[in-house]
Every structure is written in C-alpha cells, then in structure tokens.
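Okay everyone, thanks for coming.

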Amino acid sequence: MSKFQAPKGVSEYFPPNSLQFEYVRDQLINNAKVAGYSLIELPMFEDTEVFTRGVGESTDVVSKEMYTFEDRGGRSITLRPEGTAGVMRSVIEHNLDRGQLPVKLFYSGAFFRAERPQAGRYRQFYQVGIEAIGYNDPEIDAEVISVADSAFKALGLKNYKLNITSLGDAKTRDLHRKDLVKFIAGLDLDESTSERAKLNPLRLFDDKREEIRSKMQGAPLILDYLSVESAEHFSKVKQLLESLKIDYFVNPRMVRGLDYYTGTAFEFEHELLGAQSGIGGGGRYDGLMGLLGGSDLSGIGFGLGVDRVLMACQAEGCLPESINPLQLFIVAISQEAKSVAFKLVSELRTLGVTCDMAYGDRGLKGGMKAADKSGALCTLVIGDDEISSGNCDLKIMKSGENVSSTLKASELVVKLGNIK
RNA sequence: GUGGGCGUAGCUCAGCUGGUAGAGCACCCGGUUGUGGUCCGGGAUGUCGCGGGUUCGAGCCCCGUCGCUCACCCCA
C-alpha cells in the first residue's frame, strides 16, 4: 500500500476510464466548435476579487467554497470555482468585445470548490462551457441551450430534462424579491432556514424538505413579475426551442447558485444520478461585465459537468464498447523480426496508423495474448518467413480471418484503412 | 459545518455465536515445432486501515484515530 494518496475529493481518470472521459469531453467540445465557438484557455487561478465581485459575496460558492490563498507577493489568489467570471475578466482585459459581436468562446478544464465530496461532487471537477457575449437576441439564448442539448443527444443520453425559467431584468427582480421577503416573513421557519432566506430568499424554493416545499406553495413566483420585454424575450426563447424540437419544462421555482444571472436561466438534470443530478446549467448575465469593469454588454453561457455527464452516460450504458482502438498490433517472433517490426511501427505511425507492438520475449502465444489485450483491430505476425518473402497476413481479430498483404507500410496503410 | 454506512489479496467481496484467512475476476507459467478470445492444469499475492484495550487466543468484542463513501447544505 502506497503512502501517498490523492487529495480528498478529487476525481482521477486513468485507462480505461480516461478514454471514456476524453470521449465525453471531446463530444461536448465538438458541439461547441460546430456552432462557431472558439477556444479560450485561461489560468486556473485569478485575483480573488474576480470571483467575489463577479459571482457574488452572498453565494455559497464565494462565502465558503473557494480555495483562496496568498501568493508570495502577498496577493490574494483563488482557484477558479466556475468559468464565466474568468472569461469576462479576460474579455475585458484584452478588449475582445471591441471586434465583431457576439464573441463566442468555449473553455474546458478543471474547477475547484472546497466542499464535502459525495457522489458526483468533487473538489476538483471538470467543465466544458461556452459564452456568447454582446447581444441579447433570444436566438442566442436558444442557441446556447441547443449546443448543450445536442451534445447530450450526440452522446446518446435520453434520461435528462431541461428546466428553464426567466429571472427578468433588474426591476423585475427587485419587485419580486420584496414580495417574496414579505411572504417568507409570514412563515414559521427554523433558525437556520430563515438565516438562509435572509441571504437569498430564492433559496427556499430549492429546499428538499417536504415541509418547506409545502410552505412555499403559495409563494410569489418571479415569472408573474416579468416586464413586458422580459416576458416577450422569454416566450420567444421557448418558441425557438420548440422549433428545434427541444423539450423543456418551465420551472418557475428553479434557483441558480450564482448571483450574476438575469433573464433566461436553465438547468439540465439527469434522472439516474444521485443527489447531484445537475449535469449542466447556465443563463444570461446582463450586469456581469459592467460589474467587472467592462462595457455594459450582456452575455449568456453554460457550464457542463464532464464528470457528471460521464456518470450519466455510464448509468444509461450509452458509451461505445471500444473507443479509438489501435488499428494494428505487431508480434515479432525473432530478434531480427523485432527490429523489422520496430521500424515498421514507427513508419506506420508517421502515416497515421495507430499501432503498437509486443515487447519482451514472450513468444508467439504471449505476443498474441498481448495483441488481444491491446484491443487492436488487426494483428500482424512477423517471423523469418515474412522477412524472407516480404509477404504477410493481417489477422482481423474480431472474425479471425486473414487478409494477405506485403510488409510495405504503404500497402498496409491501405489494407488497414478498410478494416473497422 | 451536521448525520449514516464501510475499511480483509491489484479489483469485487465472503469469513457462521472470538480458535493465528478464503472465493471470483485480473495477473504470470504450462497444455511440446508459427496465431489471441473459450476450456483444463499450475503459480505468486495479504503486518485483515492504524494504535491501544478485553481474552489463553481478536479479521470478528470495546475505545481511540485516520481514511473512504453516501446524504443534508450547496452545486457541475
């Protein structure tokens, strides 16, 4: 037993699981790319204030879940707990919003929150996210949602649900909040719950306890307070989703954990996960850029939890049995054959063939076993016969049949190209 | 921060009311001369999380400790 252990609550992916992780992550990324989003690669830590100001002091994320430390220059640094604030910091710093709008960016990487870990909740976790900055057309809202939805569909996921709502504009939220606070004041609540309500009254909508839920039955809903423009925007978004055949549920009680959301907000929930069922979520943020010292542009984005999406795929059994298998595995059964194989492998790799060979000296049988375990589609045995004749057989592992070829890399590439 | 469950071979776990450890999978070798998966035979592997206590004797009982895990809170 080794002495060292990974820090508490981190997820690690190694083969064969890492292949699935990579597959899921790349699927999410590809769906952002085909919609015109470009990579933004950002630091994993930022000036603490980027988050306290951007995400909001009253949120749980900022008040108790950040990894914050002082660097050697005495600056307060925080490991990023979410993606949007950092993207906005960079957009403002580098004037990315001065060009053509909207600015469409995607990111992928690790995020950090100092929470008690549990199923689907890690201290270091992975997200793929996108941001579309500069316009507030309902089309952009619908596009962002559809990028996430199509990624889930491309992965083959079925048992998930999209919740959407609108948080309206600033005036809407002020009016609603006043009435909600009044309503909550009339409820008989335990101390910790009413404390929580003081920080953010919306939180009570999200409480999992039945007693609280029933008490909140008659609470005022923000959707009933929407201004005419907000209501129009929201109904246009819904209409656009329908035109794309994306199913959604309007959930007026949905609560987002970050303070910057305005207008359209949404959340994808998976039904087969544990308590942490959110596989992605996001929304529009009108004031965020201004808050961070930039121009007053609106934006919308989402973050998808790669760890959780992977768990969802595993729960649904929708992952392919084999991901990017080796095309070829070479077994050499003499010292001379081994050096021929070694050169051939190298040559094939430069031609784009994924291949590997048997190492050690385990004989033909051992080599074949290694070929089997490598998961390669084909195996090529090289011995004295092959070297002297220049001919060989490509064995298709799945069926056991042989395809004859020569040892020339150029011919092998062609033959292998036809084998799946 | 609060509560529940669990720590036995690389992995998943069994071990009856205390008598100094086992299975399956995986791994390695073999079933004679150049073809894997199935089958058969053989093999290696553990300070039973750690420390203390009770006992003639502890994987099993008691206390402590560390770790993992699930849930609340919150979120991806």
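Let's start at E386: an N or O atom in its side chain sits 2.4 Å from a base nitrogen of RNA strand B. R121 does something along those lines, with a side-chain N or O atom 2.3 Å from a base nitrogen of RNA strand B. At I279, a backbone N or O atom lies 3.5 Å from a sugar or linking oxygen of RNA strand B.

Before going on, the ground rules. This is a predicted model, where local features need pLDDT of at least 70 and side-chain atom pairs count only at pLDDT 80 or more, while totals for chains, interfaces and linings use all residues. Residues are numbered from 1 along each chain as its sequence is written, chains are lettered from A and ligands numbered from 1 in the order in which they are written, and side-chain values use heavy atoms, leaving out hydrogens and water.

Now the surroundings of the RNA. 46 residues surround RNA strand B, counting a residue as near if one of its heavy atoms lies within 4 Å of the strand. The closest are R113, R121, R196, G257 and E386.

Last stop, T59. Why is T59 called buried? Because its relative accessible area is 0%, and buried means under 20% (1.4 Å probe, protein chains only). Leaving aside neighbours within four places in sequence, T59 is in contact (heavy atoms within 4.5 Å) with G257, L258 and D259.

How values were computed. A polar contact is a pair of N or O atoms within 3.5 Å; within protein, one must be able to donate a hydrogen and the other to accept it, and residues adjacent in sequence count only if both atoms are side-chain atoms. Buried means under 20% relative accessible area, exposed over 50%, partly exposed in between (1.4 Å probe, protein chains only).
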